[in-house]
Amino acid sequence: MSAALFSATYREARQRFLAAAHAAGATVESHVHPLPGAEGEPIATDTALVGPADAGGLLIVSSGTHGPEGFAGSACQLGLLGDELLARAAARGLAVLLVHAVNPFGFSHLKRTNEDNIDLNRNFNDFSTPYPANPVYEEIHRLLVPDTWPPDAANEARLAEAMTRLAGQRDPGVSSGQALHPDGLFYSGTAPAWSNRTIRSIVRRHGAGRRHIAWLDVHTGLGPYGHGEKIFGTHPPATLRRALSWWGRDLIVSTQPGSVSPRTVGHITYCAFAECPRAALTPMTLEYGTLPSPRVREALRGEAWLAGHPDAAPPVAAAIRRAVRDAFYVDADDWKGMVLGQFRALAIQTVNGLATTIEQGDAP
Ligand SMILES: [Zn+2]
């Protein structure tokens, strides 16, 4: 496991991903984003497909749904591109699709949300119906995103009191998502974002003809330092049983009290149900802990404040971006080793589970 798989910028991560994908003989495609990156560079969601074209099983590994959380996901993907596991997957009749930088704008600009302050993991909704109300978020929006940054002591004290009071609220919880504050945290948006439309087209094209899709979406920022929580959404009992048989009893259903994540609406992996209606789906969100949650929360508050204050003084903006990067990417060898080691174990489990499930004819 090598910490050298981690990159320092989106631009570097992208270049290395593309080079490794070509070296691995992958079919590579780039979906270029309309806006430039932080260094003026072109940004894109890039995909690499490896394995038999007619494979019944497809393993998707996606990174950067939340911008700089992509430093970890990108390193996992780079490791996989050099891993003999790809050949083993192909030998068992599986294809592997790596989706690099779901949210390339946020990855490059060091923001968890996209170009419109949308949290993409709250954006994959049915926009023909209203987004669920979130009274818990309503109660503290003004405290989370104050008028001035950094927040003053009175704001911090009131927010701390409110967070303590609301700590047990999970359905919805503060971070479940909200549609009323475009300058707030966990904002769903009001229509499918560029990344949403792009991911749907990628998943449809590569997944609709498959029999079974497994999807690992790699995140960071919640939970104990370096620990990868295997988060599972709300699915039918048979899907949960299958997931437990692949990944073990430490799979956490996100609606259970013990999860680091609350119930969320508009999750990315659910789009596979709509785009690939004939395929079985076994998805997981892999969530690595980084810094203590107050540090992560402060970074997200600063990011939201900056979204509403694009004319902020450059040193203030730079400090916020730095805090966001640090909150979602721990630049330390022990953390990087934990990320890569747990990812490889999960990738092996997923290849074995998916191949065995198909071989046994369990998929519809
Ligand atoms: Zn995330």
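**The sheet and its surroundings**

Modeller: Eight strands form an open sheet with mixed pairing, in the order 1-2-4-3-5-8-6-7. Strands here are DSSP runs (E, at least two residues) and helices are runs of H or I of at least four residues, both numbered from the N terminus. Two strands count as paired if DSSP finds at least two bridges between them.

Colleague: Which strands stand at the edges?

Modeller: Strand 1 (27-36) and strand 7 (251-253) do; each has a single partner strand, so one side of each is left without a neighbour in the sheet. From one strand to the next, the twist averages 25 degrees. Such angles run from 0 to 180 degrees between N-to-C directions, with axes as lines fitted to C-alpha atoms, for helices over the stretch in contact.

Colleague: What does helix 1 touch?

Modeller: Helix 1 (residues 10-23) packs on the sheet and touches strand 1, strand 2 (42-50) and strand 4 (94-100). The direction of helix 1 makes about 25 degrees with that of strand 2. A contact means that the C-beta atoms of two residues, placed from the backbone, lie within 7 Å.

Colleague: What kind of model is this, and how are residues numbered?

Modeller: It is a predicted model, in which local features need pLDDT of at least 70 and side-chain atom pairs count only at pLDDT 80 or more, while totals for chains, interfaces and linings use all residues. Residues are numbered from 1 along each chain as its sequence is written.

Colleague: Turning to strand 8, how many of its residues are buried?

Modeller: Strand 8 (residues 280-289) has 10 of its 10 residues buried. Buried means that 20 or more other C-beta atoms lie within 10 Å of the residue's own; 12 or fewer is exposed, and in between is partly exposed, with C-beta atoms placed from the backbone. One side of strand 8 carries Ala-280, Thr-282, Met-284, Leu-286 and Tyr-288, and the other carries Leu-281, Pro-283, Thr-285, Glu-287 and Gly-289.

Colleague: Why are there two sets?

Modeller: In a regular strand the side chains alternate between the two faces of the sheet.

Colleague: In which sense do strand 5 and strand 6 pair with strand 8?

Modeller: Strand 5 pairs with strand 8 in the parallel sense over 10 bridges, whereas strand 6 and strand 8 pair in the antiparallel sense over four bridges. Trp-215 stands opposite Pro-283, Tyr-225 stands opposite Gly-289, and Lys-230 has Leu-286 as its bridge partner.

Colleague: And where is His-227?

Modeller: His-227 lies in the loop between strand 5 (212-225) and strand 6 (228-232). It is partly exposed, because 14 other C-beta atoms lie within 10 Å. Not counting residues up to four places away in sequence, His-227 touches Tyr-288 and Gly-289.

Colleague: Let us change topic. How many residues does the largest nonpolar core have?

Modeller: It has 94 residues, and those with the most contacts inside it are Leu-59, Ala-75, Cys-76, Leu-94, Val-96 and Ile-213. Helix 12 (residues 333-359) gives the largest share of this core, 10 residues. Such a core is a set of buried Ala, Val, Leu, Ile, Met, Phe, Trp, Tyr and Cys residues joined through C-beta atoms within 7 Å.

Colleague: What is Val-96 in contact with?

Modeller: Leaving aside neighbours within four places in sequence, Val-96 is in contact with Val-50, Gly-51, Leu-59, Leu-86 and Ala-89.

Colleague: What covers the buried residues of helix 7?

Modeller: The cover includes strand 1, strand 2, strand 3 (57-62), strand 4, strand 5 and helix 9 (271-275). Among the buried residues of helix 7 are Trp-194, Ile-199 and His-206.

Colleague: Is Ala-101 buried or exposed?

Modeller: Ala-101 counts as buried, because it has 30 C-beta neighbours inside 10 Å. Its place is the loop between strand 4 and helix 4.
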